[in-house]
Amino acid sequence: MTGSDGGPDPDDPLEYDQARWSVDDSRYEPLLSEKNTDRVTVESSLPDGLTRDELTLPSLPEPALARHYTRLSEMNYGVESGPFPLGSCTMKYNPKFTEDVAARREASVHPDRSERSVQGLLEIQHRLQEQLATIGGMDAVTLQPPAGAAGEFTGILIAKAYHEANGDDRTEVVVPDSAHGTNFASAAMAGYDVVELPSGDDGRVDLEALSAALSERTAALMLTNPNTLGLFERNITEIAQMVHEVGGLLYYDGANLNALLGRGRPGDMGFDLMHYNVHKTFATPHGGGGPGAGPVGVTEELAEFLPDPHVRRADGGYERYTPVRSIGKVHGYEGNWLVLLKAYAYITRLGGAGLTDASAKAVLNANYLAERIEYEVPFGPFHHEFVASAGEQDAADAAKRMLDYGVHPPTTKWPETVDEALMTEPTEIERKRTLEQLAAAFNAARADDTETLEDAPQRTAARRIDQASAARNPRLSWQALDDE
Ligand SMILES: *Cc1c(COP(=O)(O)O)cnc(C)c1O
């Protein structure tokens, strides 16, 4: 146990450990009351009859308190601790000026305030709709969906409403085998049968397989480009034509848009609708399940189906309205407004040139790192990410070992089209020396033996955790200790 200031133990001043969370480890981080046994009794100003007992609290000076909480915060690892190359997630640093903008008092207004009194906010929402439409090559954008997955679901509902309005009964959505799990889920939740499309030997869409999968039953093909292997679908124009020929719509999963910013637009490639993961591409924070935002862009013929409300110009200002054949609401009001505001601040500050520069560096960084690591990296050259193969190692073990080398590991075991996949996306935020640090961590893990890998991580606040239970059955308070 550490000393009362969260620092050295007074009996053994050189004993140092990072804070850790472990119920069966005597060195778990003590509670404040365990750190100091001095107690103060706090006077209550409430009437006697309303209080239980006296409130007795540990007595600690403020610096000790500050150090305690800082130690606890260091048990976690984030994009502000070090490199975080979690493939497909685009873990960009979130610049602090965007937080300043979102923290302004004027930004937080009650959503039921009259339109007349929130003209400035509506104007920003309208500007963001237009910025995103320009970036994606779309005609109209809704800001409402609260995540990429919610954007997919919204998009597929729009596609469904469109086909139904045309009296066209379609039952299938085609999804490549390398796609994100949410694509399959969104299509299924919208009531479609999912047709899985096998990838070709080059990791891209196989046109013959596509031709076999498409029919008059096809409502949409969902595609991300570059795909999850970081490979650009070179045949995208032909793919779009094939989908449109059978009367289907082409949906763009925007998670990989960081590779294309300022260089290529889904709308120009023939996509009819798309979502934007603003918390990936436009640097708003993400992780831990939210909050995020997944605006959806559509071509003109789909605009009348957008969720309600939508913001448009009106006489001398802006107004909310219900698109004629709206699919209804997918979230309250205009969505996660403060997340959207951060994206607006980021896009506006960087401008077209800044965004184009970001995609250039993201692509350069991914290709540089792919060259520096000793794991096998099939395919390439890449866009913003690459998928290495851990080969005979277990990708999850290799990833755990990388934690010991002080970096966050890549995404593992997905896509399944690569054996023991290590899906890696450094993003544009990393400098060359950080890329070298990352490469060193990859290469050190590659050289480690199985026993070491299986026993990793050794040096972190928490050792191996049961990841499935941690996600499905989280116990987020000190009471978890009592349950053990
Ligand atoms: C992240 C991601 C999604 C889902 O987005 P969320 O915002 O996490 O809901 C969909 N597709 C791909 C390829 C992704 O990487």
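## Asp397 and helix H12

Setting aside neighbours within four places in sequence, Asp397 contacts Leu453, Glu454 and Arg464. This is a predicted model. Asp397 sits in helix H12. Its relative accessible area is 11%. Buried means under 20%, so Asp397 counts as buried.

Arg401 also lies in helix H12. Arg401 forms a salt bridge with Asp448, and the closest N and O atoms are 2.8 Å apart. Asp448 is in the loop between H13 and H14, so the pair ties together parts that are 47 residues apart in sequence. Arg401 is buried, at 9% relative accessible area. Asp448 is buried too, at 19%.

## Helix H13

Helix H13 covers residues 432–447. How far apart should its ends be? At 1.5 Å a residue, its 16 residues should span 22 Å. The end C-alpha atoms are 23 Å apart, which agrees.

Several residues of H13 are buried, including Thr434, Leu435, Leu438 and Phe442. The buried residues of H13 pack against helix H11 (337–372), helix H12 (395–404), strand S14 (421–424) and helix H14 (450–455). Asn443 is another residue of helix H13. Asn443 is buried, with a relative accessible area of 14%. Not counting residues up to four places away in sequence, Asn443 touches Arg372, Ile373 and Glu374.

How many salt bridges does a search of the whole structure find? The search finds 21. One of them joins Lys96 and Glu80, with the closest N and O atoms 2.6 Å apart. Lys96 lies in helix H3 and Glu80 in the loop between helix H2 and H3, so the pair ties together parts that are 16 residues apart in sequence. Lys96 is partly exposed, at 38% relative accessibility. Glu80 is exposed, at 55%.

Glu428 pairs with Lys92 in a salt bridge, with the closest N and O atoms 2.9 Å apart. This pair links distant parts of the chain, 336 residues apart. Glu428 is in the loop between S14 and H13, and Lys92 is in the loop between H2 and H3. Both Glu428 and Lys92 are buried. Elsewhere, a network of salt bridges links Asp394, Lys413 and Glu420.

## A nonpolar surface patch

Val40, Val42, Leu55 and Leu57 form a nonpolar patch on the surface. Together they have about 300 Å² of accessible area. Strands S1 (39–42) and S2 (55–58) each give two or more residues to this patch. Leu55 is in strand S2. Leu55 is partly exposed, with a relative accessible area of 49%.

## A domain from the record

UniProt, in an unreviewed entry, places "domain: Glycine dehydrogenase C-terminal" at residues 358–452. In the model, this span is 46% helix and 11% strand. Its end C-alpha atoms lie 38 Å apart.

Key
Residues are numbered from 1 along each chain as its sequence is written. This is a predicted model: local features need pLDDT of at least 70, side-chain atom pairs count only at pLDDT 80 or more; totals for chains, interfaces and linings use all residues. Side-chain values use heavy atoms; hydrogens and water are left out. Helices (H or I, at least four residues) and strands (E, at least two) are DSSP runs, numbered from the N terminus. The expected span of a helix is 1.5 Å times one less than its number of residues. Buried means under 20% relative accessible area, exposed over 50%, partly exposed in between (1.4 Å probe, protein chains only). Contact means heavy atoms within 4.5 Å. Patches are made of residues with over 30% relative accessible area and no salt bridge: like charges are joined within 9 Å, nonpolar side chains (Val, Leu, Ile, Met, Phe, Trp, Tyr) within 5 Å. Accessible areas come from the Shrake-Rupley method with a 1.4 Å probe; for residues, only the protein chains shown count as cover. A salt bridge is a side-chain nitrogen of Lys or Arg within 4 Å of a carboxyl oxygen of Asp or Glu. UniProt positions are given in the numbering used here, feature names are shortened, and annotations may be inferred rather than shown by experiment.
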